[in-house]
Amino acid sequence: MIDHPSRRGFLGLTAGLTAAALTGCAARPTTGSTSTGGRLRAAFAGGGATEVLDPHLANLFVEAARSKAMFDKLADLGADVSPRPRLAERWEPSADLRRWRVTLRQASFHDGRPVRARDVLASYARILDPKRTFRAKSSLAVIDLANSRAVDERTVEFALKRPFVEFPNVLAAFGAYIVPEGAEDFTKPVGSGPFSFVSFQPGRSVLLKRNPGYWDGPPYLDELEFVIANEESARVNALLGGQVEYAHDLTPTTARQHGSRVTMVRSPNSGTQAFAMKVDRPPFDDPALREAMFLLADRRQLVDTVMPGAGQVGNDLFGKGYQYYADDIPQRVPDLDKARALIRKAGAEGLTVQITTSNAAAGFVESASVLADQIRRAGLKAEVVTGNKDTYWADILTRGSLVSFRSGSMPIETHIAQRLLSTSTTNATRWARPEFDALYDKAVSTADEAARRQTYHRMQEMLHAEGGLLVWGFADWIVGTAANVTGVSSAPANTLDWARFDKVRLG
């Protein structure tokens with residue numbers, strides 16, 4: 001997931017809370033065997049006036065969490081980042097992996113209309129509209145929509161452009177939500193999710209209410225309110241002060257300081273922390289200089305400085321612990337002598353390396369500062385440039401040569417499809433290799449599990465040796481909750497149980 005919250009501070013949060021919340025009157029416990037009732041207030045970083053409720057445009061964590069509350073996808077990712085059926089009851093491929101038949105659950109939109117196969121096809125057609133840019137477009141591009149069809153009200157038969165064994169990953173793709181056929185106005189969105197829309201103030205709050213007819217069982221909460229607090233200190237202070245019951249995306253330092261006063265829920269191995277080198281332009285179009293960067297980076301120092309006690313060292317590969325992760329590739333360790341030799345080989349002695357970073361994510365500026373010191377120790381010059389936090393994630397797709405980067409969880413196949421193919425729409429490293437693309441095609445077109453694993457391994461060997469992503473760590477994802485909150489799962493960000501408020505109780 002890309003996130004690019006802006007910062008407005010604690011005043012921004014209090015401005016976003018409703019009068020009821022400020023007076024502490026929101027929680028209204030009710031009786032009943034399936035509901036504890038009340039309103040849970042969840043504080044997230046936001047995107048100001050640019051925030052949207054169109055689930056196909058969701059990009060921020062708060063937009064993703066709100067979309068999950070109001071809409072469904074056909075599938076979502078389990079704790080092991082493998083796809084699990086959601087609005088799809090089941091799926092079945094043809095023998096040649098070119099057609100997939102998906103059976104829908106019996107579910108309804110908030111206005112009472114049933115979720116039909118036509119709604120699924122219309123939702124995917126909207127995402128794939130060539131005149132528009134939606135996050136899930138690259139994932140859904142494998143679908144031959146013209147030859148796909150609604151077999152009946154609850155059965156969709158997808159035709160694919162090529163054999164694709166990873167199609168369930170597509171159904172779980174970030175932003176691939178199902179909306180009613182013809183939906184374009186999302187000022188009062190109608191979905192099929194566990195909560196339905198009540199009100200929206202962009203950059204301030206979204207209020208939702210319980211959907212009693214949700215197919216997966218009604219939520220325990222009566223109401224769910226998302227409030228915006230861009231500063232991490234504002235989120236945790238609101239939690240400590242009783243203004244919210246859930247504070248998203250907290251730092252290890254905050255967890256240590258306040259862990260005795262509120263509950264800290266950690267999800268290990270959730271956030272990939274990295275620097276992205278653009279391989280299509282100087283100076284990092286020289287593989288010797290990229291290798292020098294890999295060898296001068298002291299990952300342990302970065303982890304201990306930026307996320308002490310709440311992270312693991314990375315090895316320049318995405319998805320540690322996920323299916324197909326190449327954990328047998330030797331861990332890189334600092335080797336300054338070899339790094340200096342590679343810098344000389346690249347003719348880069350005395351070169352100034354510019355690191356573009358921003359306050360778009362916690363720890364970015366700190367890690368850039370640490371890496372700058374490590375670069376200087378290897379004999380290069382280093383300059384840290386702080387970019388616009390509000391446009392950072394869009395800017396780094398085309399600008400800069402070395403930029404701060406992080407990612408939430410997704411299948412390794414999806415990470416490759418979205419970021420590392422010649423056709424990828426969020427390719428921050430500008431990695432584009434026909435032979436790599438061909439290996440991806442080979443991996444996703446075979447039903448042979450062993451062959452697919454071997455191919456993914458070869459791709460990761462290429463990335464480890466020549467790629468542009470310097471993955472220095474994997475962070476725990478930390479959220480804080482009030483003492484009266486239960487049911488918050490320890491799940492990697494971007495997976496089904498992350499920010500899943502329909503299973504949360506108050507009281």
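Against which helices and strands do the buried residues of α14 pack? The views below take up this and other contacts. This is a predicted model, in which local features need pLDDT of at least 70 and side-chain atom pairs count only at pLDDT 80 or more, while totals for chains, interfaces and linings use all residues. Residues are numbered from 1 along each chain as its sequence is written, and side-chain values use heavy atoms, with hydrogens and water left out.

View 1. The buried residues of α14 pack against helices α5 (137-140), α6 (167-171), α15 (434-444) and α16 (449-466), and against strands β18 (402-407) and β19 (469-481). Contact means heavy atoms within 4.5 Å. Helices (H or I, at least four residues) and strands (E, at least two) are DSSP runs, numbered from the N terminus. Buried means under 20% relative accessible area, exposed over 50%, and partly exposed in between (1.4 Å probe, protein chains only). The buried residues include the charged Glu 413 and Arg 419, as well as Ile 412, Ile 416 and Ala 417.

**View 2. Interface of domain 1 and domain 3.** The domain assignment, automatic or from a database, gives domain 1 (72-172), domain 2 (195-262 + 482-506) and domain 3 (269-476). In the contact, domain 1 takes part with 12 residues and domain 3 with 19 residues. The centres of these two domains, taken over C-alpha atoms, are 31 Å apart. About 1,300 Å² is buried between them, 56% of it from carbon and sulfur atoms; buried area is the accessible area (1.4 Å probe) that two parts lose on being put together, summed over both. The rule finds 4 residue pairs in polar contact across this interface (both at pLDDT 80 or more). The side of domain 1 that touches domain 3 has 6 nonpolar, 3 polar and 3 charged residues. Here Ala, Val, Leu, Ile, Met, Phe, Trp, Tyr, Cys and Pro count as nonpolar, Asp, Glu, Lys and Arg as charged, and the others, Gly among them, as polar.

**View 3. Salt bridge between Arg 162 and Asp 441.** A salt bridge is a side-chain nitrogen of Lys or Arg within 4 Å of a carboxyl oxygen of Asp or Glu. The closest N and O atoms of Arg 162 and Asp 441 are 3.9 Å apart. Arg 162 lies in the loop between β8 (155-159) and α6, and Asp 441 in helix α15, so the pair ties together parts 279 residues apart in sequence. Arg 162 is partly exposed at 28% relative accessible area, and Asp 441 is partly exposed at 35%. Across the interface of domain 1 and domain 3 the rule finds 1 salt bridge.

**View 4. Asp 249 and its contacts.** Asp 249 sits in the loop between β13 (246-247) and α8 (252-258) and counts as buried at 15% relative accessibility. Its side chain and that of Arg 406 are joined by a polar contact of 3.2 Å. A polar contact is a pair of N or O atoms within 3.5 Å; within protein, one must be able to donate a hydrogen and the other to accept it, and residues adjacent in sequence count only if both atoms are side-chain atoms. Leaving aside residues up to four places away in sequence, Asp 249 also touches Glu 232, Arg 235, Trp 477, Ile 478 and Val 479.
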